[in-house]
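Open the structure in your viewer and keep the selection tool handy. We'll go stop by stop.

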Amino acid sequence: MNDNLFKTLLKRYEAEIEDARYKIDCINDQNIVIPEHVDITGEIDKLLSKISSAEDKLAVMRQHYGKKETDKTLF
C-alpha cells in the first residue's frame with residue numbers, strides 16, 4: 001500500500017472515530033433527544049459500533065500495511 005493511500009485511510013478512520021465520539025458526547029453532556037432517534041441507547045450502540053469498526057480497520061491496516069522495519073542481515 002502506498003504512503004498516500006495509507007495516510008488517507010488512516011485519516012478517514014480517525015475521523016469516523018472522532019465523529020462518533022463527538023455525537024456520543026453531545027447526547028451525553030447536553031441530554032439531547034433527537035426527535036427521529038428516541039431510542040438513545042440504540043443510537044449510542046450504533047455509534048459505538050462505528051468506533052469499533054473503525055478501530056478494527058485501523059488495527060488491521062497497521063498490522064498488514066504499516067511501515068516495516070528494514071530487513072537486517074545477520075552476519
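Start by selecting M1: is M1 buried, partly exposed or exposed? With a relative accessible area of 42%, M1 is partly exposed. You'll find M1 in the segment before α1, the helix that covers 3-30. Together with M1, L5 and Y65 make a nonpolar surface patch of about 300 Å².

Before the next stop, zoom out. What you have on screen is a predicted model. Color by secondary structure, and the protein comes to 2 helices and 0 strands. There are 75 residues, and 24% of them count as buried. Show the surface too: the protein exposes about 6400 Å², with carbon and sulfur atoms supplying 52% of that. Of the contacts between residues at least 6 apart in sequence, 72% join residues at least 24 apart.

Next, select α2, residues 40-65. This helix has 26 residues. Draw a distance from its first C-alpha to its last and α2 reaches 37 Å, close to the 38 Å expected at 1.5 Å a residue.

Which residues of α2 are buried? Pick G42, E43, I44, L47, I51, A54, L58 and M61.

Now for the largest nonpolar core, which has 14 residues. Show side chains for Y13, I17, I24, L47, I51, L58 and M61, the ones that touch the most other members. Both α1 and α2 supply at least two residues each to this core, and α1 gives the most, with 8 residues.

Click on I51 and ask what is in contact with it, leaving aside neighbours within four places in sequence. The list is I17, A20, R21 and I24. Remember R21, as it comes up again at the next stop.

Time for the charged side chains. How many salt bridges does the structure hold? There are 5, and we'll visit some of them.

Select E18 and R21. Their side chains meet in a salt bridge, at 3.4 Å from N to O. The two are 3 residues apart in helix α1, so about one helical turn separates them. E18 counts as partly exposed at 46% relative accessibility, and R21 counts as partly exposed at 41%.

Then select D19 and K23. K23 forms a salt bridge with D19, and the closest N and O atoms are 3.1 Å apart. Why does this spacing along the helix work out? K23 and D19 are 4 residues apart in helix α1, which puts about one helical turn between them. As a reminder, an α-helix has 3.6 residues a turn, so residues three or four places apart point the same way. K23 is partly exposed, with a relative accessible area of 35%, and D19 counts as partly exposed at 36%.

E55 forms a salt bridge with R21, the closest N and O atoms being 4.0 Å apart. Because E55 lies in helix α2 and R21 in helix α1, this pair ties together parts that are 34 residues apart in sequence. E55 is partly exposed, with a relative accessible area of 37%. Finish by selecting E18, R21 and E55 at once: salt bridges that share partners join them into one network.

Terms used:
Residues numbered from 1 in each chain as written. Predicted model: local features only at pLDDT ≥ 70, side-chain atom pairs only at ≥ 80, totals over all residues. Heavy atoms only, no water. Buried < 20%, exposed > 50% of the residue type's maximum accessible area, 1.4 Å probe, protein only. Contact = heavy atoms within 4.5 Å. Areas by Shrake-Rupley, 256 points an atom, 1.4 Å probe, with all protein chains shown as cover. Patch = residues over 30% accessible without salt bridge, like charges linked within 9 Å, V, L, I, M, F, W, Y side chains within 5 Å. Expected span 1.5 Å × (residues − 1). Core = buried A, V, L, I, M, F, W, Y, C linked by side-chain atoms within 4.5 Å.
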